[in-house]
Amino acid sequence: MSDNKINFTIDGKQCIAEEGMDLWKAAMVNGIFIPYFCHLKDVIPAGSCRICTVKVNGRCMAACTTPITKDMNGAVVENETPQLEEMRKMIVELLFVEGNHFCPSCEKSGNCELQAMAYRYKMMVPQFSYNFPLRKVDASTPKIYLDRNRCIQCKKCIRAIKDEQGRSYFAFYKRGNKLEIHIDHELAANMSNELAQTAMDTCPVGAIIRKEKGFDTPIGKRKFDKEPIGTEFLKK
Amino acid sequence: MSKAIVATASLAGCFGCHMSILDIDDKILQLIELVEFNKSPIDDIKEFTKMCDVGLIEGGCCNSENIENLINFRKNCKILISVGECAIMGGLPALRNGIPIKECLDEAYLGGPTTGICNPDKIMPNDEELPMILDKVYPCHEIVKIDYFLPGCPPRAELIWEALTALLTGKEMNLPYEVIKFD
């Protein structure tokens with residue numbers, strides 16, 4: 001076996017991955033799904049949502065920011081244990097009460113990863129009380145509107161949506177639960193339809209919505225109507 | 001076996017969840033074999049006449065009447081179920097949460113685009129017969145103890161049927177993935 005292959009186990013299953021790959025992707029390569037919100041293929045991980053938390057040799061780590069290193073040879077990784085799944089369900093519940101997530105009136109409903117994760121964990125009602133914060137909507141750019149009520153502050157849009165020169169269309173202001181996503185109005189004035197669509201698809205929730213599109217997929221045909229989140233990755 | 005007694009109410013809701021209860025097709029004949037309705041818009045019984053086994057609540061609490069009604073249901077029902085998004089998290093009426101109540105009323109009665117024609121005297125409804133509007137719309141479980149939650153807008157008829165029959169017959173619920181949805 002070549003030097004850069006690392007052996008480890010996830011929930012007892014033998015896994016092999018290349019050194020340098022992140023643990024989230026390594027699990028996927030080995031046919032194991034780890035829940036995620038803020039992680040995105042080919043983008044530097046941020047580790048901001050923490051739903052991908054796994055235990056590596058008994059220690060809690062965000063799978064997306066944990067690289068596969070030589071030290072991981074023989075590591076024991078826990079993923080779908082009752083304790084971790086309970087913690088993940090709690091993260092989903094906290095995200096639901098922290099923002100204003102009105103699923104029935106949201107254009108992203110059915111394609112929303114937060115909602116799909118709640119279905120995965122069979123969340124009937126969050127165990128925490130609702131915050132109902134007052135957050136502003138920015139609909140001043142021509143292609144998209146930004147509804148911060150639905151934002152889960154994963155910063156995916158900042159990391160992924162850039163122009164040819166690498167300038168981000170989005171930026172954040174303040175930190176923690178006060179974090180607000182803002183949009184560069186000058187750049188966004190000339191945003192292409194394709195990039196607007198990519199921005200909407202990149203957002204795990206309905207915080208970035210394309211204008212003049214709305215509810216274009218009928219109920220029953222949306223991404224998570226028939227299949228739980230995760231199955232779409234493991235089929236590939 | 002004596003029939004279980006069911007009561008239903010629509011608080012700050014649109015009656016969509018009640019429509020979904022009626023959407024169980026021919027199973028409605030089985031339902032009538034299984035339950036007897038007490039206070040409910042379905043049979044138009046206005047007051048509780050006996051203790052009920054199950055209370056189904058649609059809608060959240062947006063005014064003082066909703067609160068009284070909900071507390072009354074808690075007192076008269078052994079099991080209380082929040083049915084639908086509005087009962088669970090306030091739903092669409094709760095879109096006003098976060099906006100001060102004065103701003104909401106001013107927009108509705110004084111500053112709205114049609115109020116100049118419809119309300120030239122700029123009257124704000126203040127009759128004592130009218131229930132007091134609350135500062136925000138509250139989910140039912142933030143007012144009284146709720147035993148079970150059925151999400152959806154409305155919850156699928158299948159979900160309501162499965163939950164009710166599981167509760168009344170003691171059999172286990174077997175729900176496919178498609179049945180639990182928030183929209």
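## A salt bridge between two strands of chain B

Asp53(B) and Lys78(B) join their side chains in a salt bridge, with N and O 3.1 Å apart; a salt bridge here is a side-chain nitrogen of Lys or Arg within 4 Å of a carboxyl oxygen of Asp or Glu. The two residues are 25 residues apart and link distant parts of the chain: Asp53(B) belongs to strand β3 (residues 52-58) of chain B and Lys78(B) to strand β5 (residues 77-83) of chain B. Strands (E, at least two residues) and helices (H or I, at least four) are DSSP runs, numbered from the N terminus. Asp53(B) is partly exposed, with a relative accessible area of 22%, whereas Lys78(B) is exposed at 53%. On this scale buried means under 20% relative accessible area, exposed over 50%, and partly exposed in between, with a 1.4 Å probe and protein chains only.

## Basis of the model

This is a predicted model, in which local features need pLDDT of at least 70 and side-chain atom pairs count only at pLDDT 80 or more, while totals for chains, interfaces and linings use all residues. Residues are numbered from 1 along each chain as its sequence is written, chains are lettered from A and ligands numbered from 1 in the order in which they are written, and side-chain values use heavy atoms, with hydrogens and water left out.

## Other salt bridges

Over all chains the rule counts 21 salt bridges. Side chains of opposite charge can pair when their charged atoms come close. In chain A, Lys41(A) pairs with Asp42(A), the closest N and O atoms being 3.6 Å apart. Lys41(A) is exposed, with a relative accessible area of 62%, and Asp42(A) is exposed at 70%.

In chain B, Lys46(B) forms a salt bridge with Asp44(B), where the closest N and O atoms are 2.9 Å apart. Lys46(B) is exposed, with a relative accessible area of 56%.

## The interface of chains A and B

Contact, meaning heavy atoms within 4.5 Å, involves 24 residues of chain A and 24 residues of chain B. The area buried between the two chains is about 2300 Å², with 70% of it from carbon and sulfur atoms; buried area is the accessible area (1.4 Å probe) that two parts lose on being put together, summed over both. In chain A, the residues that lose the most area to chain B are Tyr119(A), Met124(A) and Phe132(A), together 31% of what that side buries.

The rule finds one salt bridge across this interface. Asp183(B) forms a salt bridge with Arg222(A), and the closest N and O atoms are 2.7 Å apart. Helix α3 (residues 113-120) of chain A gives the largest share of the side of chain A that touches chain B, three residues. That side divides into 14 nonpolar, six polar and four charged residues; Ala, Val, Leu, Ile, Met, Phe, Trp, Tyr, Cys and Pro count as nonpolar, Asp, Glu, Lys and Arg as charged, and the others, Gly among them, as polar.

Helix α2 (residues 82-98) of chain A has 17 residues and reaches 24 Å from its first C-alpha to its last, close to the expected 24 Å. The expected span is 1.5 Å times one less than the number of residues. The buried residues of α2(A) include Leu84(A), Ile91(A), Leu95(A) and Phe96(A), and its buried residues pack against β3 (53-56), β5 (75-78) and α3 of chain A.

Helix α7 (residues 157-169) of chain B has 13 residues and spans 18 Å between its first and last C-alpha, close to the 18 Å expected. This helix is mostly covered, with 10 of its 13 residues buried; among them are Trp161(B), Glu162(B) and Thr165(B). Just after α7(B), Gly170(B) takes a positive phi of about 80°.

## Backbone and loops

Most residues other than glycine have a negative phi, and most peptide bonds are trans. In chain B, the peptide bond from Cys153(B) to Pro154(B) is cis, with omega near -5°, and Pro154(B) lies in the loop between β7 (148-150) and α7. Phe15(B) has a positive phi near 70° and is partly exposed at 39% relative accessibility. Asp44(B) also has a positive phi, near 65°.

In chain A, Asn30(A) sits in the loop between α1 (23-29) and β3. Asn30(A) is buried, with a relative accessible area of 14%. Leaving aside neighbours within four places in sequence, Asn30(A) is in contact with Lys13(A), Gln14(A), Cys15(A), Ile16(A) and Ala17(A).
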